[in-house]
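Student: I would like to go through some strands in a structure. Could you show it to me before I start asking?

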Amino acid sequence: MGKREAVRWIALALVCAGLGACWHDCMGYEDCFDPDDPCPNDMFIDELGCAWDRCSNEFTGEQVPCWYTSLPMLSSWFTLAGSGARYIAYVRDAEPELNGVEGEIWLYDLETGEDTPLVEGAERRCFWLRSDGDRLGYLERMNDEVGSESIVDACVKDIETGEEWRIPNPRQRYTRSISMSGDRVAVTEYEYMEDCIGGSNLGEVFLFDLATVEKVLVSGSEIGTYKSTNAEIGGDRIAFWKVRGACPEGTMNDQLWIYDIESGHESLYREWENVFLSDDCMDFQIEGSWIVLHHNNIYAFDIESGQELHVTSCGYADCGFLVSEGMVAYVRRGEDGLDQLQTHVFELESGQHRQMSDMWPYFDGSAPTSFKDGRLMWSEVRGNGLGDGCGNYRGTDPHPTEMLFWKDIEFDQGR
């Protein structure tokens with residue numbers, strides 16, 4: 001075998017290694033495409049200029065028509081909002097050329113198709129949307145930078161009445177997360193402080209009451225030792241992490257605490273060693289007495305009964321989840337036997353499971369984007385090109401498109 005031929009085989013092997021099941025066919029110079037594929041990346045443009053996938057199947061819900069091509073600017077931070085999850089609240093990027101994904105907040109009405117502004121102004125830099133009933137919570141960047149951290153406020157707006165609250169931020173901190181339940185709002189605030197390793201973020205959890213406009217500290221921090229972060233509120237409880245610091249090394253593990261709002265008492269619920277958490281509030285959620293947690297797997301814990309459930313195992317870059325009405329929607333790679341990101345729903349009470357998306361075996365994928373009042377919204381990327389490593393390529397015309405779907409989820413009773 002000559003040098004050129006050897007290099008060709010090495011390159012081919014590297015490509016085929018990423019194709020899993022196609023390895024043997026590929027190394028044998030056989031076509032990895034399914035000759036009986038009923039839907040070979042079949043996209044088209046309709047008379048309105050909207051991109052569609054001709055293929056549909058039993059899993060597909062209601063598609064939000066022409067979502068991306070109808071908007072004048074880039075959009076992000078989708079969440080269902082309003083009573084009965086009637087609206088999609090989203091952010092229109094104020095500076096799409098910078099990909100800032102911050103800007104005005106708009107509402108898309110799923111019943112009428114109307115698109116209206118909710119939080120307007122060229123100076124508005126909103127992001128990180130959360131909703132509860134008719135209330136929409138969001139974070140807003142107030143300036144570019146102060147010291148080493150930007151000032152970010154937490155705000156809430158009532159979709160029906162237009163009433164708006166800005167949670168007091170007298171120390172001009174960076175508000176990292178917001179979570180709502182009725183009139184109660186839990187926020188996590190960060191502030192850069194000096195410690196034994198030079199400096200780190202101090203994190204503290206606060207509770208704000210929209211009715212009384214009172215803000216109280218739920219859990220503070222000790223500089224360098226631990227910080228309180230990732231707060232989620234559900235009914236009369238706030239769940240939050242206390243994460244160990246660097247000073248002194250190894251003084252505490254990562255702990256999940258529960259704060260009872262009525263009594264003002266906080267208690268340690270669970271403790272883990274070497275938990276890796278990103279600083280966002282999607283690592284766990286609380287609804288009623290259930291806490292759903294992502295830690296290599298997705299687990300659900302009933303605070304009152306002590307019941308523990310294993311929802312699903314997790315692989316690389318999957319298992320993002322959302323909780324609504326006793327159901328967990330999550331994205332999982334390969335659970336259906338294909339190397340695809342699919343959207344699934346698991347009911348906590350019955351243990352029933354349902355796969356919501358059925359992506360074809362290209363580089364396409366699906367993921368839940370919002371889950372409110374039992375209404376699930378998920379995205380599906382359709383029409384990505386497919387290569388089999390043997391020099392064959394199946395492209396698509398028009399370009400790949402990310403679509404939004406929604407469906408009201410109900411499981412059969414008594415099963």
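Tutor: The questions below concern the strands and how they pair.

Tutor: This is a predicted model, in which local features need pLDDT of at least 70, side-chain atom pairs count only at pLDDT 80 or more, and totals for chains, interfaces and linings use all residues. Residues are numbered from 1 along each chain as its sequence is written, and side-chain values use heavy atoms, with hydrogens and water left out.

Student: How many bridges join β18 to β19?

Tutor: There are 7 bridges between β18 and β19 (residues 265-272), and these strands run antiparallel. Two strands pair if DSSP finds at least two bridges between them. Q255 has E271 as its bridge partner in β19.

Student: What lies between those two strands?

Tutor: β18 and β19 form a hairpin with 4 residues between them, and G264 in the turn has a positive phi of about 75 degrees.

Student: And β17, how does it pair with β18?

Tutor: β17 (residues 237-244) pairs with β18 in the antiparallel sense over 6 bridges. K242 has Q255 in β18 as its bridge partner.

Student: New topic: what is the order of the open sheet of 4 strands?

Tutor: The order is β20-β21-β22-β23, with antiparallel pairing. β20 (284-287) and β23 (308-313) stand at the edges with a single partner strand each, so one side of each has no neighbour in the sheet.
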